[in-house]
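Hi everyone, thanks for coming.

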Amino acid sequence: MNETQKLSGKSKVSYALGAVGKDMVYMLSASYVLYYFQDLLGVSAIAMGIILMAARVFDAFNDPIMGVIVAKTKTRWGKFRPWLLIGTVTNAVVLFLMFAAPPAMNGAGLTAYAAVFYILWGVTYTMMDIPYWSMIPAFTEGGKERENLTTIARTCAGVGSAIITIVTMILVPMLGNMFAGADAGARMIEIVGFKYFSLIVAILFVIFTALTCINVKEKSTTEMETVSVGQMFKALVQNDQAMTVTVAIVLINCSIYITSNLVIYFFKYDAYVLFNMFGGAMQVLSMMLFYPLLRKKFTSLQIFYICLAMAMAGYAILLILAFTFMGSVFVLFIPAFFIFAANGMLTVITTVFLANTVDYGELKNDRRDESVIFSMQTFVVKLASGIAALVASICLSVNHLQSGTEVSDADKLVDWSLGVAQSAKTGLRMTMAVIPIIGLAIAFFWFRKRYILTDEKVEEIAAEVKARHTSS
């Protein structure tokens, strides 16, 4: 009996809850930190873009180092769970402090506050994200077993992201009114609302991860020689399939995050909530229903290409609608379906692909570097969010845009600030749709040319790795 089959139902649920909690935290930061510091607290868009991008450059060094630290860790509780718990607790604290900036702070002090806590958030998130995903190849044999567990985890991660997408701009005003008072002013209500909403998310995060650490047991993995950071970077570069997957993840996530950063500037408040609710539901549904159905008829590689085509079609429809018919939010559910459903399945598939490169790297380099390979996923997803935030901040600065949610216009779906030029509207539309199409197209051709780990190849590699372990 393999290790995955030995997992109890309680263990699987506990692992899945860990994914829900960590992606709630990630989505809150990725989608709202720019809005919180720029629109609500007044930090300039360019300054925020530089901060978010600088944090990603820092992660380029921090993430692989954390992968090495995890790989070298030996405790009675294993090498993954201690860091998973430590990282979660510290990240939860930093998340709350990041969204609890003193309202009286302004100018350089506020910019410094944003920089310090956002960089700390990235560091502490890495501490828990790398060991979480590294556990997948540590207790699966490869092939279908690994894909099934990855699908469960990624689906629940999508649930966490969708929860934040759906409820944030519903609960933030409610909590703000509750703790600041209805007469505090719209801006202060949102500031206070984000503070208490982040506290709730942080508490849930700690609870869910604690359940993961308690109920999911690690298996012993192959002993490996400790190496320097320089040697580890070399091993990563030598794993051409891992590099292929990570480049594709950057391109795909950049496309999605550019849209998520700018969509709040595009819709009126009610339309924004409806759009996000529908999109979040489609993302979860695609993971739980669409992907398993497609997997019965297509290979994972074929589904990957289908999803890229779906997403590009969705952005093309969005662009056409943005310049033609914008009378109802419901018509935008058409592109939202294609974009969010594709993204949901892509998050599952790319994680499966990355997990498969662990076995490939072991055969090619005689090293089984789960933590290091998955440190690349942590880094590239955060890199994508940083690039997207920088692109969004440049778009907002160049076009002199602020959130349209403050201006009410009952007759229009798009709620522009008064006096916004037509060129600014065009710039926002083009950034939201054309840049993602270009990124997805590059990902399509890049992957088609370089990726070789078909389903048959993965099964063959998994059998060879198992044979090596048996004979050693």
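In which crossing does α2 pass α4, left-handed or right-handed? It's a left-handed one, where the near helix is turned anticlockwise from the far one by less than a right angle; clockwise would be right-handed. On the α2 side, the contact, meaning heavy atoms within 4.5 Å, is made by V25, L28, S29, V33, Y36 and F37, and on the α4 side by N91, L95 and M98.

Before I go on: this is a predicted model, where local features need pLDDT of at least 70 and side-chain atom pairs count only at pLDDT 80 or more, while totals for chains, interfaces and linings use all residues. Residues are numbered from 1 along each chain as its sequence is written, and side-chain values use heavy atoms, with hydrogens and water left out.

Back to our pair. Helix α2 covers residues 9-40 and helix α4 residues 81-98, and their axes come within 11 Å, crossing at roughly 20°. The two are therefore roughly parallel to each other, a label for angles under 35 degrees.

Now the whole protein. You're looking at 15 helices and 0 strands. Of the 472 residues, 60% count as buried, which is under 20% relative accessible area with a 1.4 Å probe, protein chains only.

One more helix: α9, residues 240-262. Its 23 residues reach 34 Å from first C-alpha to last, close to the 33 Å expected at 1.5 Å a residue, that is, 1.5 Å times one less than the number of residues. And α9 is mostly covered, with 20 of its 23 residues buried.

How values were computed. Helices (H or I, at least four residues) and strands (E, at least two) are DSSP runs, numbered from the N terminus. Buried means under 20% relative accessible area, exposed over 50%, partly exposed in between (1.4 Å probe, protein chains only). Axes are lines fitted to C-alpha atoms, for helices over the stretch in contact, and angles run from 0 to 180 degrees between N-to-C directions. Angles under 35 degrees count as roughly parallel, over 145 as roughly antiparallel, 65 to 115 as roughly perpendicular and the rest as oblique.
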